[in-house]
Amino acid sequence: MKVGIFMSKEVITIYDVAREADVSMATVSRVVNGNPNVKAATRRKVLDVIDRLDYRPNAVARGLASKRTTTIGVIIPDITNLYFSSLARGIDDIASMYKYNIILANSDQSPLKELQVLNALLAKQVDGIIYMGYDLSEEMRNEMLRSKTPVVLAGLVDPQEQVPSVHVDMVETIKAAIETLAANGNKRIGFVSGPLAEQINGTYRLKAYKKALQEVNLPYDETLVVESEYTYKSGEKIVSHLLASNSTAVFVSDDEIAVGILNAAIERGVKIPEELEIMTSNNSKLTRLVRPQLSSVTPPLYDIGAVAMRLLTKIMNKEDNVEEQVLLPFRMTHRQTTKN
């Protein structure tokens, strides 16, 4: 009986290409890296050998030699959420511009998994990390600060300002939304957010909501505050509470939740915006896909990702006078779910 032995594919090295093409390894390296200082005939000969041998440069070996992997780790809590995918697009475009590759890792909104993901990326010797999420736990902050690998937060605030970040002013965005809804004559303005245990909601958004109500001379009523999961179905369930609390308007901190509220309200016969105004917060594609289209605070989602990546390159390259806490401007987009 014959025993079959499966041999792994032979690894082709730059030395093999140089020997086969009868050139130096430096010449092969110049061809691979697109250096123009190679004669056309020599370039064609080297490329023919690369094609025939199916040579692929060893990124790990190159990283060991240069002590850089030209790879960036990106941690995202929910890859299906259009808010985070819009940020990721900005990150990827700037990374490509600066010749970095991206490893995208989904943390599933799990504190335990995001720690595992962070350490897995660090083990891969990435040059830097961009973190997106709803919250920055003490454990995550400590791991980030303990590591020598640069980390930048995208769309997230570090209350202690220890980790570099790019975001919009959470207080001002909610203030602008509440002022808009109050100016339309609403006295009962609901507030729907993710879990208040998350810093972005409890530390920033809820306090901003209370402050905004005070500035427009409206009382704070805890029955108008609703915690929610970041899902469409959660939005559908919230409508009963909003109607029971006599809300005539609502600010929603997530577009998917807002769409659930909108559709469920319409199904119940609620007139939008005459009987219930809805203002959401991210202006993702979802706001334009529904009917009526959702009014929204409009943060520059793509720019947040792009600027975060550019900030990371500055930190990795140890540039001077780098501003590590970056605030980007926002605007208001008025569509059909608000009166004005």
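**Close-up views of a predicted model**

View 1. N283 counts as buried, at a relative accessible area of 11% (buried means under 20% relative accessible area, exposed over 50% and partly exposed in between, with a 1.4 Å probe and protein chains only). The model is predicted: local features need pLDDT of at least 70, side-chain atom pairs count only at pLDDT 80 or more, and totals for chains, interfaces and linings use all residues. Residues are numbered from 1 along each chain as its sequence is written, and side-chain values use heavy atoms, with hydrogens and water left out. N283 is not a glycine, yet its phi is positive, about 55°. Its place is the loop between strand 9 and helix 12; helices (H or I, at least four residues) and strands (E, at least two) are DSSP runs, numbered from the N terminus. N246, also not a glycine, has a positive phi near 60°. N246 sits in the loop between helix 10 and strand 8 and is exposed, at 53% relative accessibility. Most residues other than glycine have a negative phi, and most peptide bonds are trans.

**View 2. Two cis peptide bonds.** The bond joining I272 and P273 is cis, with omega about 10°. P273 belongs to the loop between helix 11 (255-267) and strand 9 (277-280). A cis bond also runs from R291 to P292, where omega is near 0°. P292 is in the loop between helix 12 (286-289) and strand 10 (295-298).

View 3. Six strands form an open sheet in the order 7-6-8-9-10-12, with mixed pairing; two strands pair if DSSP finds at least two bridges between them. Strand 7 (225-227) and strand 12 (331-333) are at the edges with a single partner strand each, so one side of each has no neighbour in the sheet. On average, neighbouring strands here are turned by 20° against each other, direction ignored. Strand 6 (residues 189-193) and strand 8 (residues 249-252) run parallel and are joined by four bridges. In this pair, I189 is opposite A249 of strand 8. Helix 9 (residues 199-215) lies across strand 6 and strand 7, at about 170° to strand 6. Axes are lines fitted to C-alpha atoms, for helices over the stretch in contact, and angles run from 0 to 180 degrees between N-to-C directions.

View 4. Another open sheet of six strands has the order 2-1-3-4-5-11 and parallel pairing. Its edge strands, strand 2 (101-106) and strand 11 (325-328), each pair on one side only. Strand 4 (residues 151-154) pairs with strand 5 (residues 165-168) over two bridges, in the parallel sense. L153 is opposite S165 of strand 5. Helix 6 (residues 111-123) packs on the sheet and touches strand 1 (71-76), strand 2 and strand 3 (128-131), with a direction about 175° from that of strand 1. Contact means heavy atoms within 4.5 Å.

**View 5. Nonpolar cores.** A nonpolar core is a set of buried Ala, Val, Leu, Ile, Met, Phe, Trp, Tyr and Cys residues joined through side-chain atoms within 4.5 Å. The largest has 50 residues, and those with the most contacts inside it include I130, V252 and M309. Helix 13 (residues 301-316) gives the most to this core, nine residues. Leaving aside residues up to four places away in sequence, M309 touches I72, I91, I94, A95, Y100 and I130. Apart from this core lies another, of 20 residues, V117, I129, M144 and L153 among them.
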